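Thank you all for making the time this morning. I would like to walk through one model with you, going from a single chain to its parts and then to the places where parts touch.

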Amino acid sequence: MATVLTTCPFCTCGCGLHLQADHGHLTGSAPSEHHPVGQGKLCARGWHAHEAPTWGPRLTRPLLRRGGEPVEVSWAEAIDAVVQGLSRILADGDPIGVLGSARATNEENFLAVKLARGALRTGNVDFCLRAGLQPLIDGVAEVTGDPWPPGRLLDLERSEFILLFEGDLAETHPRAASLVAAAVKRGARLVTVGWHQTQMSRLAARHLPVDPGAGHQVIPGLLAAVLDGGSADGAGAVAADPGLAALRAGLAGLAVGEPVREVAAWYASAARASIVVGEGALLPDEARDGAAALAMLAAVTGHLGRAGSAILILPSRGNQRGALEVGVRPDALPGGVPLDDAAVIAKLRRTWSREPSVVAGLDAEAMVAGCRGLVVVAEELPAVLRAGGGGLDALASASFVVVLDSFATATARAAHAVLPVAAFGETDGTTTSLDGRVQRVRECASPPGLARPGWQVLAELVTRFGLPCTYGSIGDLHREMTDLVPLFGEIGEGQLDESWGALVSRPATGPGVHLRTVDLGRRDPVEGPCVAVFDEAFDWGSDPSVAHAPTLCRDHVARRKLFPTGFVEMNRADADRLGVRPGWAVRLTSKHGEVTVPVVVSGEVAPGMARLPFSARDRVGVVLGGRGRAGVRVERA
Amino acid sequence: MGDLFLPEVARIASMRDETPDTRTFALRLRDDRRHDSFSFRPGQFLELSVFGFGEAPFCFASSPTRPDSIETTVRRTGQLTNALHTLAVGDEVGLRGPCGNGFDVEAARGKDLLFVGGGIGLPPLRGLIWNVLDERDRFGRIQILYGARTPTDLVYKDELRTWAARGDLELLVTVDRGESGWTGNVGMVPTLFDKTELRPATTLAYVCGPPIMIKFVVQDLLMRGFAEESVISTLERMMQCGVGKCNHCAIGHCYICRDGPVFNFKQIRELVE
Amino acid sequence: MRPANDVQGRDPGASRLLVKSDLVSWIRRLMDDAEVIAPAAGAGGDLMFGPVTDPASVWLGPGNPLQPPKQFVLPQTDPIVRIERNGGGVQVSSISDERARVIFGMRSCDARGMAYLRRMQATDLPDDSYLRRADRIAVVTLACTTPCTLGFCVCCDAGPFARDGHDVQLVDLGDRFLAEGATERGRAMVADAPFRPATQGDVVRRDELEREAERHFGDESAHLGAAMRRISTRRVAEELWEAMSPWCFECGGCNFICPTCYCFSVKDRCQDHGWERCRTWDSCQYSAFTLEASGHNPRERRKERIKRRFFHKVSAQYYQRDGAVGCVGCGRCVQTCLGTTDMPAVVAAIRKGVWHG
């Protein structure tokens, strides 16, 4: 029996767990008692981290599609075919790209960047879930001047006040939710902002209801209240900011209700107060400005930069922050530095012995739609693309798709070449938690069949394109990363081995706090008797590591089986008014289109709202026209 | 009992489609001697393995009075049942059991018997019905009331005709929604009670079907004067082990797989979550 | 069957002494005949039960691993049936694990937990392969002379000194251990050198330590009796269960780290030439635990599932069925609960009639 300490691969909270293997199979997961984040706790997903690699449909041999059918081949044959296929597209001058993934380790993602910018000489490198996260991070960064929002996950536990924009935190980030609950139990005031009732809203001192996906609606009011009410204690720190007057002016005359005023006063007067932005709280259109406004709220109340006061932006899955940091993005270099950073370019040139591509590339969606050649590293496109299964249709136009994955995903089935790689628990590497904790994941069992660690496969591919990748061990790779990714520079190997991983702290790169006017909620007005909205939370049921974990997949499977065409959640009052009972069909009509789905009656959804499952976006998305929400008419079908 | 979880290998001896999604499988243990000595009671169930997909509980649909055949009727609802439906005659499955308490046939001797089945709820009754019919003179009047959503959803269509043709029992069949060519009763199962004569004082009523149907049928029977002890049903729960260890099927401190699945309504009423 | 331990009629002559400097050589001798499992500091500084390779690493200081030794009789993934395809047919066979093992340095709460699990597997239809595995395990407990921070074993009659479920109990007397053989197997384990007979003074000191340890628990107790009366007679207000439910995050941790929880599911794991049917831990706190193929779920709401957990653990009905209360007072659920619905918190709420009161 083997036991290793590793990091939970799921929600980015970054809890430590002991993974167990017996006779070559992963057999168990148990929380690490002294891990600073987990502290002896795991959520249901963490407790079953060993399951998907054990029970999932694994890729065990390289596959090449011949005559439309996948054929098992040797590694040498597969790598040759991949190099030839990609080289042909390069030679033709056709667009080519690489998709990294939140499901991949930092090392795999770094090599995906090296494959794109070094080997294939393209800026087309991205991962699908970046689209939802980047605007939020950028919004905060614009105000604070720091690339990442301030604070740590553990700040929540000691916060006196927590402003939570939901999402459904208990479901998406259970450890974060548990820290919030612990704070509430200690006496902290929790305020939830959201459009439906959740587990956390039931723990809240106050719930501020907003329109679906429109958490931003309360932010101008909060800002106005602290600025008018004189509770802007920290205003001294920002008094000199030229943007302050503009901010004030922009908010002048805004009517602010009493509940919002009270919440603002709670926030301003708390010694340690945190803001948490969960998934789906701010729709993509409002994400950047909303996050910026929240950072300004923290700045004018003096919470920005105060120890124990955090702004936490929660990525939906796994290693999103790590992917961003190592440069899996078309608009920045490894380390997240600008494309024109001469020092980093010079380092890349020296280390890679080649001129790196420093052009801005296509984003993930554009790559899927437009690249003739695509290397997909552990992305299951229907799970992570906004278009859902539609993403696979777009792939059909690519002439050469290479998929590196552990599982026989739909994306792998659509590929021309499939390279089987090790799953969680079968390879070494690091991942980065939402608050920047870089932690090891470790090998506990060998990958099945001929599958190899992803970083080795990527290193071989990169080498075949003429870049030296002579990594004797993952340590060698770390040394290259440490050199090239400034953020990794602060993490010595020892730190990763002996401690719980390093919290990466970075000096501010910008000129300090920057305030400006806020412009929120003026776009995309929703008209209609009823507002239909996606439940934006990441659909774990579509993620291979949950979908193939037999204990974890049960709820997801049951829902998909019961409602193969999707469903709509409505309040009981609305259902009664329409004269429909649970399971009966209703027709939703918007300016974008119409869809007929069965009704699920839910106490969580407010009257006048219709919540559609993101997991069924392929089938119900037409009524939302590709957006997060739309006004709809609902009738009994 | 040696190995609690070890299934015996059985072969599919024959299959018969009952409805578009429901099929009856006749099983024969690979070991002839074991097959010949295999015994069970109607109302008990077996744990059926589809290798690679695990195992699940299904009631015996055949009668112990016809020991040649171990039959079970399975509707496609999930991974395991889908996989089962792809198997062919001669394919091997695993069989573990019998599990559960089963119907007390001895206690029914001399009584009038009323069988009320709904949809896929007929299979557990079918074993008991054949058992009783094979020992016909030991029992009083026999009434079988059976309903399904549509005529297509009726299971054992041939046997329904056989029973209808027998003079020693009364069979009433109804469907919720008729189809073209259907000339029989239309309406929920309880509507059949008005079309026959019930003798609550001397009758044991066996009720199997979907929970909602059981609820209405039992209410109706109690109002018509049946004693709670005389209304007998089988309970369904999510089950894994079938031997009282895994706890999935527990209600209160009872295990449906050990203390049940057959309960009379008085016992059911006393089961509290 | 494991012979019952007759604590009351304890024969002082049966107590033996082991000088601490001889501990390592004793463990090494045990390792000759069996796999010895003991707590040791593992990765990240976490105390964990695991097979001993270096007897000097065995930790007999304060503290108990967060993960109970349950995993050695009931692993999280436990192969129980081998299904092999060969030629035309399928061969099935039981997988049994009858390695001789010693679990060393277990605490009384966990010994009680192992005894509970054994009784559970032995009653009604006995699971023989479980029993064969469990009975090949000798248990050497270490009495708790200083209470742990979260435990409340005194309220469950499960400590701080072991009364059942062990073969040998060690009591730390400073520079030496008093070793009490509780079973024939246990007495044989401590019969020979380096063990020697205990003196009357050692035995007196042992009893003092036990009384002191019990006293140290003070008021830190979970009043299981009061809770049991209310749960068994269903006099816990629905509102109370309702009030708890947002404080549970449905992680299942309370079940998985509980020394007495044994719920499982059965799944087939793919192997080279067939499958292994595995018993895998499951949690009654998961919504899908009772989800039926039809989509119907009799325990759809979380409060029903919390209620279920406490009914199984502390109702008189289960006390009668299982012969013991389903809690050994180890306090692990207090640490591992992602929310606040651990055993002492819920028991206190039931007793007081108010949540977080």
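Let me begin with a term: a residue is called buried if 20 or more other C-beta atoms lie within 10 Å of its own, exposed if 12 or fewer do, and partly exposed in between, with the C-beta atoms placed from the backbone. By that criterion, buried residues make up 61% of the 637 residues in chain A.

Before going further, please keep in mind that this is a predicted model, in which local features need pLDDT of at least 70 and side-chain atom pairs count only at pLDDT 80 or more, while totals for chains, interfaces and linings use all residues. Residues are numbered from 1 along each chain as its sequence is written, and chains are lettered from A and ligands numbered from 1 in the order in which they are written.

Staying with chain A, its C-alpha trace spans about 70 × 60 × 50 Å along the principal axes. The radius of gyration, taken over C-alpha atoms, is 24 Å, which agrees with the value near 26 Å that a compact globule of 637 residues would have, the globule rule being 2.2 Å times the number of residues to the power 0.38. If we say that two residues are in contact when their C-beta atoms, placed from the backbone, lie within 7 Å, then 75% of the contacts in chain A with a separation of 6 or more are between residues 24 or more positions apart.

Chain A has 26 helices and 24 strands, where helices (H or I, at least four residues) and strands (E, at least two) are DSSP runs numbered from the N terminus. Which strands form the closed barrel of chain A? Its 6 strands run β19-β23-β20-β22-β21-β24, with mixed pairing, and two strands count as paired if DSSP finds at least two bridges between them. Within chain A, β19 (residues 530–535) and β23 (residues 609–613) pair in the parallel sense over 5 bridges, and Val531(A) stands opposite Met609(A) in β23(A).

Turning to chain B, the domain assignment, whose bounds come from an automatic or database source, gives domain 1 (8–99) and domain 2 (106–234). The centres of these two domains of chain B, taken over C-alpha atoms, are separated by 24 Å, and their contact takes 16 residues from domain 1 and 15 residues from domain 2.

Finally, 34 residues of chain B are in contact with 36 residues of chain C, and β4 (54–59) and β6 (92–99) of chain B each supply at least two residues of the side that touches chain C.
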